[in-house]
Structures are given as structure tokens and as C-alpha cells.
Amino acid sequence: MIHVVYDSKCLDYNTPNHPESPLRVKLITSSLRALPSVTFTNPASYPGKYATAVHGKLHINKLRSSYNPFSETPITPHTYKYAKKAVDCAITAANLCLTSGATFSLTRPPGHHAGKNSISGFCYLNNLVIAANYLIEEKDTKRIAILDIDVHHGNGTQDLVLGNQRYLYASIHQHPLYPGTGITDNQNCLNRPLSPGTRGPHYQVILSELIARIKAFKPEVLAVSIGFDTFSQDPLANFNLDIQDFHITATLINSLDLPTYYVLEGGYSNKVGDCAASFFSGIA
Ligand SMILES: [Zn+2]
């Protein structure tokens, strides 16, 4: 059984013609509701201190007071409210995975480009890292592996965990592509940049190597930044994975047999729901 943590309020904001749209989550929601092995649950509300613990007060205050609605990563007076709800979904998913199997924080805005003091790439707060830090602080979790399978490098996540031996960060991403980072390994961060046009068989070889590295790290929890923008028809990137490849990817990750929470990052095609259904049918 997969517990999907979902709050429909994440559909309530929208920048016209922006790729990070409510439709993405709507499509994934309707596809996952059709799966027999999925159950939906509401997020709990957590104090803002967990976001502050990761980003610092300056970042939070700036996010709450800035106004830049026409930026690629737009900020309005409501942005913090929605970003905080995404954090609540991720912490709820992290908490729940300790006792209830795989969980999925199905929400927006995404988070893996948000660094300690930076917003970018449609991201404001690093949902996954805030939830991981919550597990370390509140649940005495010692080691957490982060696998980032969004097509973009999670530069914000790397910024937040670099050199912290409680974490192993492993990312497969397209290069060249935004944000242009993640070309080589850096301390506890393993980066596997792959060329545009990468297909499933090669992708799965690289993923298997990273999964072996994660296994050797002996984490207590696995946190996955999941992006469906590795799909061949995604408008923002150029990997060549098909729908079935998501199922295979999930099967490989599931072989780790760890308490796992998944956090939604990117995925912008009109088949994002089909990608998600293929993926999560490989987990259940
Ligand atoms: Zn992405």
C-alpha cells in the first residue's frame, strides 16, 4: 500500500502559462486514484520552525516579504503559505513512511532547487530536506539517503546536504540542462550527468550503480525526489524514457527495501499522470 499525502489547496494558485501548473498535480491525482494499492491521506500541520531549521530566518523572512510575480519563480503575498503546505505534506510523508511503508508527497510547489538562501527553478522551500531534517531531529534517524531522479540536478538539495555525513545524495540528471550543476561527485554527493536522448537501458545501468552505493551507505530511510520530466515527451528536457521505464525505475528503487518517502518535483507533459501510475504500480 502506498500512502499518498495530498492537500487539494495546492491547486489554488496559478501563474498563467507557467509550466509548473495545477494541472500537473490534477493529472497525477486522478491517475493514482485509479490504482488499487494507493490510499490518500491529508497532511498534518507542522510548526514553521522545521523550515527555519534548514533555510534560516533570513530566507523565510525574504520569502514572506518579497513581491516578484513575473519572475520564472514568481513570488506573491501567498507564496509562503503554499510553500509551507508543501513542507507539511513532505514531513507527513516522511513521518508516515517510518511505520506504514512507501509514501508520496503529492504537492506543489516543488523543492529540490531551493538552497539554503536561494529560490530558483519554481522552488521556494526544500520540502524533502526539511522533512529529512525533521526525521533526524525528532525521530533520531541517523542516516538518510536521498535519490534525485528528476531530470534536473537538485542543486538546492546538494547545497543543503553537502559535507553532512548523515546524508548521501545521489542524482541522475540531464547535462547540459538547467541549472548546469552536478557535473562531478562532490564529497557525499554523487552526480551522474547523462546526455540528452538518454534511453531506459542506459539509465537503468546508472541507476543500479547508484542504488548499490545507497545500499552500501546503510541508510535508515530513503528520500526520493521524483520528477517525471525524464519522460520522452516532457517539454522542458530531452531524456528519452518511456512510460514502462518508470515502472522499471520503481522496481529497482523498491529493491532497497527501505522506509521510503517520495516527494514530487518536476514533470510537465500532459502524460505526467500515466508516468506516475506506471511508477507507483512498480512500488506496490
Ligand atoms: Zn525537473
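Predicted model: local features only at pLDDT ≥ 70, side-chain atom pairs only at ≥ 80, totals over all residues.
Where is the place of Pro 179? Pro 179 sits in the loop between S5 and S6.

Strand S5 covers 167–174 and strand S6 covers 189–194. Pro 176 lies in the loop between them. Two cis peptide bonds belong to this part of the chain. One joins His 175 and Pro 176, with omega at about 5°. The other runs from Tyr 178 to Pro 179, and here omega is near 0°. Gln 187 is placed in the loop between S5 and S6 as well. Its phi is near 50°, a positive value in a residue other than glycine. Is Gln 187 buried or exposed? Gln 187 counts as exposed because its relative accessible area is 58%, and the cut-off for exposed is over 50%.

Phe 122 also has a positive phi. The value is about 70°, and Phe 122 is not a glycine. Phe 122 belongs to the loop between strand S3 (103–106) and helix H5 (127–138). Its relative accessibility is 10%, so Phe 122 counts as buried. The limit for buried is under 20%.

Asp 150 and Asp 229 link distant parts of the chain, 79 residues apart. Asp 150 is in the loop between strand S4 (144–148) and helix H6 (155–161). Asp 229 is in the loop between strand S7 (221–226) and helix H8 (243–254). Both Asp 150 and Asp 229 are buried.

Next comes empty space. Rolling a probe the size of a water molecule over the atoms shows where such space is left. The largest pocket has a volume of about 280 Å³. It is lined by 16 residues, and the closest to its centre are Tyr 13, Asn 14, Thr 15, Pro 74 and Thr 76. The lining of the largest pocket has seven nonpolar, six polar and three charged residues.

How many cavities of 30 Å³ or more does a search of the whole structure find? The search finds one. The largest cavity has a volume of about 30 Å³. Its lining includes Ile 149, Tyr 203, Ile 226 and Gly 227. Thr 230, Leu 241, Phe 246 and Thr 249 line the largest cavity too. Five of the lining residues are nonpolar, three are polar and none is charged.

The tour ends with two serines. Ser 8 is in the loop between strand S1 (2–6) and H1. Ser 8 is partly exposed because its relative accessible area is 42%. Ser 8 and Val 25 are 17 residues apart in sequence, and their C-alpha atoms are 9.1 Å apart in space. Ser 37 is in the loop between helix H1 (22–33) and strand S2 (38–41). Ser 37 has 18% relative accessibility, so it counts as buried. Leaving out residues up to four places away in sequence, Ser 37 touches Met 1, Ile 2 and Ala 284.

Technical notes: Residues numbered from 1 in each chain as written. Heavy atoms only, no water. 1 Å grid on protein atoms, 1.4 Å probe; cavity = no way out; pocket = protein on both sides within 12 Å on 5 of 7 lines; lining within 4 Å. Points joined across faces, edges and corners; volume = space filled by probe spheres on them. Nonpolar A, V, L, I, M, F, W, Y, C, P; charged D, E, K, R; others polar. Helix = DSSP H or I, 4+ residues; strand = E, 2+ residues; numbered from the N terminus. Buried < 20%, exposed > 50% of the residue type's maximum accessible area, 1.4 Å probe, protein only. Contact = heavy atoms within 4.5 Å.
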